[in-house]
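Q: I'm new to this one and would like to learn how to read it. Could you walk me through a few features?

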Amino acid sequence: VSLFETLEAVIACAAPTDEPQLLARALATFGAQEATQRLVAAFVGAGAFAQAAIALHRAAMPNGGYQFGEVRSGRGLASIWRRGDAHALPFEAATPGLALLRATAHQAARALESETRSRCAHCRGRGWVITRDGGKRICAHGETPCV
Ligand SMILES: [Zn+2]
């Protein structure tokens, strides 16, 4: 499980009051540049959490787009896409800002997974391997080569 996957899982279950703490954690997880860190911190300081999440999203996915929504329960909804994507992925969280942060973390986790996979010597990018008894197994990408 990558740091981005953990971040996404934490955001999915977070409360609205967790926004400042999770934005700070996301900045660290993404290894954001100083200019992004300052911008996000300024928005957080002003209580503009959705703006802070947008700033982080733009830095993490410069070619991406986003859209906010709201679900019936009043929780936040955000969809993100990259240029060329056929459709946007919607994510739900306690607030719109957290939903966008969750979507961005999910995208980063997927990008990391696909990069790790393409460099994997065991499955050579397929994502699965043949086991000794002839079955198929999801590849852990280098962690457990001989099962
Ligand atoms: Zn692999």
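Q: Where does threonine 95 lie?

A: Keep in mind that this is a predicted model. Threonine 95 sits in the loop between β3 (89-93) and α5 (96-118).

Q: Is threonine 95 buried or exposed?

A: We judge that by relative accessible area, and under 20% counts as buried. Threonine 95 has 11%, so it is buried.

Q: Which residues is threonine 95 in contact with, leaving aside its neighbours within four places in sequence?

A: They are Pro16, Glu19 and Gly76. With glutamate 19 there's also a polar contact, 2.5 Å between the two side chains.

Q: Now the largest nonpolar core: which residues have the most contacts inside it?

A: Look for Phe30, Leu56, Leu98 and Leu101, in a core of 30 residues. Two or more residues come from each of α1, α2 (19-30), α4 (49-60), β2 (76-82), β3 and α5. The largest share, eight residues, is from α5.

Q: And what is leucine 98 in contact with, beyond its neighbours within four places in sequence?

A: Leucine 98 is in contact with Ile11, Ala14, Ala15, Glu19, Leu22 and Ala93. Glu19 is also on the contact list of threonine 95.

Q: How much space lies in the largest pocket?

A: About 390 Å³. It has 17 lining residues, and Val1, Ser2, Glu5, Glu113 and His141 are the closest to its centre.

Q: Which element gives the largest share of that lining?

A: That's α5, with seven residues. By type, the lining splits into six nonpolar, five polar and six charged residues.

How values were computed
Residues are numbered from 1 along each chain as its sequence is written. This is a predicted model: local features need pLDDT of at least 70, side-chain atom pairs count only at pLDDT 80 or more; totals for chains, interfaces and linings use all residues. Side-chain values use heavy atoms; hydrogens and water are left out. Helices (H or I, at least four residues) and strands (E, at least two) are DSSP runs, numbered from the N terminus. Buried means under 20% relative accessible area, exposed over 50%, partly exposed in between (1.4 Å probe, protein chains only). A polar contact is a pair of N or O atoms within 3.5 Å; within protein, one must be able to donate a hydrogen and the other to accept it, and residues adjacent in sequence count only if both atoms are side-chain atoms. Contact means heavy atoms within 4.5 Å. On a 1 Å grid over the protein atoms alone, a cavity is a set of points where a 1.4 Å probe fits but cannot get out, and a pocket is an open set with protein on both sides within 12 Å along at least five of seven lines; lining residues have an atom within 4 Å of a point. Grid points are joined across faces, edges and corners, and a volume is the space filled by probe spheres set on the points. Ala, Val, Leu, Ile, Met, Phe, Trp, Tyr, Cys and Pro count as nonpolar, Asp, Glu, Lys and Arg as charged, and the others, Gly among them, as polar. A nonpolar core is a set of buried Ala, Val, Leu, Ile, Met, Phe, Trp, Tyr and Cys residues joined through side-chain atoms within 4.5 Å.
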